[in-house]
Amino acid sequence: MSDLNQNMIEKYRNSFLKEVEANVEEGEWVKMCMQCGVCSGSCPLGKHWAHPPQEIFMMIRAGQREAVLSSDAMWMCTSCYNCIVRCPRELPITHIMHGLAHYARRLGLAPKGQPTMAFAQIFWDNMMKAGRVNELKLGLSLYYKDGFVQGIKNSLANMKLGQNMIKAKRMNAVEFFGGHGVKDVSGLQKMIRKAQELEDARIAKYGK
Amino acid sequence: MTEVVATNQTILVVGGGISGMTAALEAAETGKQVVLVEKRPYLGGRVSQLHKYFPKLCFPACGLEINQRRAKMNPNLTILTMAEVTGLSGEAGSYTATVKINPRYVNENCTACGECGKAVSAEFPNEFDYGLSKRKGAYLPNTMAHPMRYVIDPAMLGSDEAQKAKDACKYNAIDLDMQDEEISIPCGAVVWATGWKPYDAARIQPYGYDRFSNVITNVEFERMADPSGPTGGRIIRPSDGKEAKNVAFIQCAGSRDRNHLLHCSRICCMATLKQCHYVTDAYADATVSVYYIDIRAIDRFEDFYAKVKAKDNVSFIKSKVASVTQDKEANPVLHGVNTEGYHRYANTHDLVVLAVGMEPSVEAGSFPVPIVINREGFIEPASENGGVFAAGSASDALDVNRSVQHATGAALRAIQVVNRVAGTEG
Ligand SMILES: Cc1cc2nc3c(=O)[nH]c(=O)nc-3n(C[C@H](O)[C@H](O)[C@H](O)COP(=O)(O)OP(=O)(O)OC[C@H]3O[C@@H](n4cnc5c(N)ncnc54)[C@H](O)[C@@H]3O)c2cc1C
Ligand code: SF4
Ligand code: SF4
Ligand code: SF4
Ligand code: SF4
């Protein structure tokens with residue numbers, strides 16, 4: 001567990017809600033939840049999660065820090081926005097879910113090998129190379145993430161999909177060799193690095 | 001031409017629901033001259049469309065009857081029906097109101113014998129039953145209507161049907177040449193009691209009110225439970241007329257919701273608890289489910305809630321329903337999560353009643369008089385309103401008891417204004 005995690009525990013002793021408000025994107029909305037249940041009832045993924053959104057919000061208020069941050073739940077959100085559209089209090093639920101996931105990862109509490117997290121990392125690394133996503137490479141990295149043999153299996157299973165994407169010009173086989181990027185890749189990378197620095201500085205007060 | 005005797009010591013009351021009637025009678029019984037202007041062809045407002053009253057479960061008819069008797073006996077009170085205030089100029093103590101009166105085509109000679117209604121065949125959706133039934137083109141708006149006089153639907157005018165109605169009348173009560181008129185009424189103070197309307201349930205898209213016939217509103221359910229209503233008091237499914245024994249209520253339908261009405265409508269929890277009785281009284285083997293966020297039955301209403309809760313066949317599910325779908329037999333299926341234990345459900349019912357909330361009947365921006373309203377559209381007790389005082393549910397989502405109390409207060413304020421006028425005029 002990271003020092004950042006220890007420091008946050010010290011700082012927000014007894015108030016996980018305050019910790020969420022201060023550190024999680026859109027976290028200040030959590031207290032507005034009136035526990036009506038509409039988001040959980042509307043979430044198409046809900047039955048596959050340990051804790052649907054409204055339960056997560058209740059757990060935050062109940063101070064169940066460990067259980068929330070190490071949960072798989074936030075990582076299951078597909079950003080369908082059903083919950084946001086129906087929430088009678090207009091909570092930006094989707095964004096809070098992603099904010100919590102991000103925060104959990106920062107603190108090193110996200111479940112190990114969580115597939116959405118792994119995919120997000122692959123997506124990010126892929127995108128940072130050329131400033132745009134290389135779909136072919138993204139697909140391949142995802143298929144091969146659990147090793148070579150599993151990768152071949154995955155690729156074969158999805159061959160039809162890949163061929164169709166190429167046919168529909170959604171993917172280009174030539175992209176495997178380099179692929180095209182944005183005009184000013186280094187400029188973009190610099191910009192992202194700066195944003196990263198700013199965020200790191202904000203949170204460095206508590207981390208090591 | 002309608003003659004109305006009025007001076008700037010007259011109190012004008014706009015809206016003849018329970019609040020407007022109360023304010024008008026209270027003022028008239030202190031000896032003030034009062035003109036009551038009501039848009040509908042009869043007095044009583046939305047209360048006349050209720051089957052029973054909470055908390056006593058008595059019939060609204062008896063309260064209305066007492067008020068009607070008081071109105072008939074009072075020489076200080078002038079009642080204009082089918083009339084609307086279209087403008088107000090001047091200031092507290094000396095206003096002039098313009099009032100538009102729509103023709104009823106039936107005069108005071110009417111004995112409500114009903115022959116004209118029998119003679120015509122044209123039918124229209126019955127607004128008294130929220131369109132759940134039809135009425136004739138010559139009709140008595142409801143069995144308790146005051147004034148007890150028929151109305152000719154203007155849509156029939158110029159047709160044989162209108163002539164048939166006229167020919168059927170033995171009392172020379174039908175006058176097809178009546179015109180709408182606009183009159184000016186001087187007055188010193190105004191009581192504004194235009195009431196509320198149910199929130200438009202079709203706008204709550206996930207509940208399918210506009211798509212599923214077995215999803216109805218609480219105001220429609222009141223009509224259904226009334227023996228003189230569209231189903232003769234039988235609680236049935238609109239889709240196939242079968243008995244509705246497994247009934248679900250969805251609370252806060254359109255209230256406490258930033259996508260709809262911001263406010264809690266205050267009466268819909270109690271209205272549902274009352275309507276639970278309608279179902280359990282109708283069928284010994286009924287099952288009722290109430291889906292709620294929290295039950296707001298305050299003060300003495302707590303008892304009422306406790307009694308309903310104690311019934312074996314009524315269950316309370318703490319959940320704002322996420323969506324309603326319909327199965328092949330037109331049964332509504334409710335989807336959501338029971339927040340007590342986080343259980344997901346897909347529950348099938350015979351009939352779903354949406355507990356829709358109350359919003360002001362006059363839309364923001366369409367008040368014919370300058371008036372301060374809050375963000376929900378209800379009238380504020382602001383000094384800028386001068387001699388115009390809100391009464392009853394035009395000021396907030398109120399039940400009858402609170403509406404009547406509020407209306408009595410408004411009458412007192414109006415009396416103070418006209419007394420001041422009387423003082424300065426000697
Ligand atoms: C489903 C349901 C069940 C309910 N059951 C109960 C119950 O059991 N017990 C209880 O205490 N309360 C109950 N209520 C609340 C009750 O209906 C209101 O408290 C009551 O109707 C308020 O009376 P009002 O006179 O203020 O308004 P209204 O009844 O709305 O009367 C307003 C009058 O003004 C007229 N009007 C409107 N605009 C104009 C205009 N521009 N010019 C002239 N006239 C106009 C209207 O035609 C109407 O006659 C219930 C409400 C609902 C939704
Ligand atoms: S829909 Fe909104 S108010 Fe209701 S439980 Fe979810 S977040 Fe809370
Ligand atoms: S946006 Fe995420 S949390 Fe919201 S309903 Fe969709 S999957 Fe569920
Ligand atoms: S208008 Fe004439 S026919 Fe019709 S109810 Fe009245 S008295 Fe009877
Ligand atoms: S009274 Fe009850 S049903 Fe009506 S808005 Fe308030 S909480 Fe919801």
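Which residues touch the most other members of the largest nonpolar core? They are B:Phe221, B:Phe249, B:Leu273, B:Val290, B:Ile295, B:Phe316 and B:Leu351, within a core of 39 residues.

## Basis of the model

This is a predicted model, in which local features need pLDDT of at least 70, side-chain atom pairs count only at pLDDT 80 or more, and totals for chains, interfaces and linings use all residues. Residues are numbered from 1 along each chain as its sequence is written, chains are lettered from A and ligands numbered from 1 in the order in which they are written, and side-chain values use heavy atoms, without hydrogens and water.

## Domains

Domain bounds come from an automatic or database domain assignment. Chain A is assigned domain 1 (3-111) and domain 2 (115-197), and the centres of these two domains, taken over C-alpha atoms, are separated by 29 Å.

Chain B is divided into domain 1 (11-100 + 180-195 + 361-422), domain 2 (115-168) and domain 3 (199-358). In chain B, 15 residues from domain 1 and 10 residues from domain 2 form the contact between these domains, where contact means heavy atoms within 4.5 Å. Domain 1 and domain 2 of chain B bury about 1000 Å² between them, 66% of it on carbon and sulfur atoms. Buried area is the accessible area (1.4 Å probe) that two parts lose on being put together, summed over both.

## The nonpolar cores

A nonpolar core is a set of buried Ala, Val, Leu, Ile, Met, Phe, Trp, Tyr and Cys residues joined through side-chain atoms within 4.5 Å; buried means under 20% relative accessible area (1.4 Å probe, protein chains only).

B:Leu273 touches B:Ile295, B:Ala297, B:Phe304, B:Tyr305, B:Val308 and B:Phe316, leaving aside residues up to four places away in sequence. Apart from this core lies another, of 38 residues, including A:Phe16, A:Val20, A:Cys83 and A:Ala104.

## The contact between the chains

Chain B gives 16 residues to the contact and chain A gives 20 residues. The two chains bury about 1500 Å² between them, 53% of it on carbon and sulfur atoms. B:Arg258, B:Tyr342 and B:Arg344 supply 38% of the area that chain B buries against chain A, more than any other three residues.

Terms used: Buried means under 20% relative accessible area, exposed over 50%, partly exposed in between (1.4 Å probe, protein chains only).
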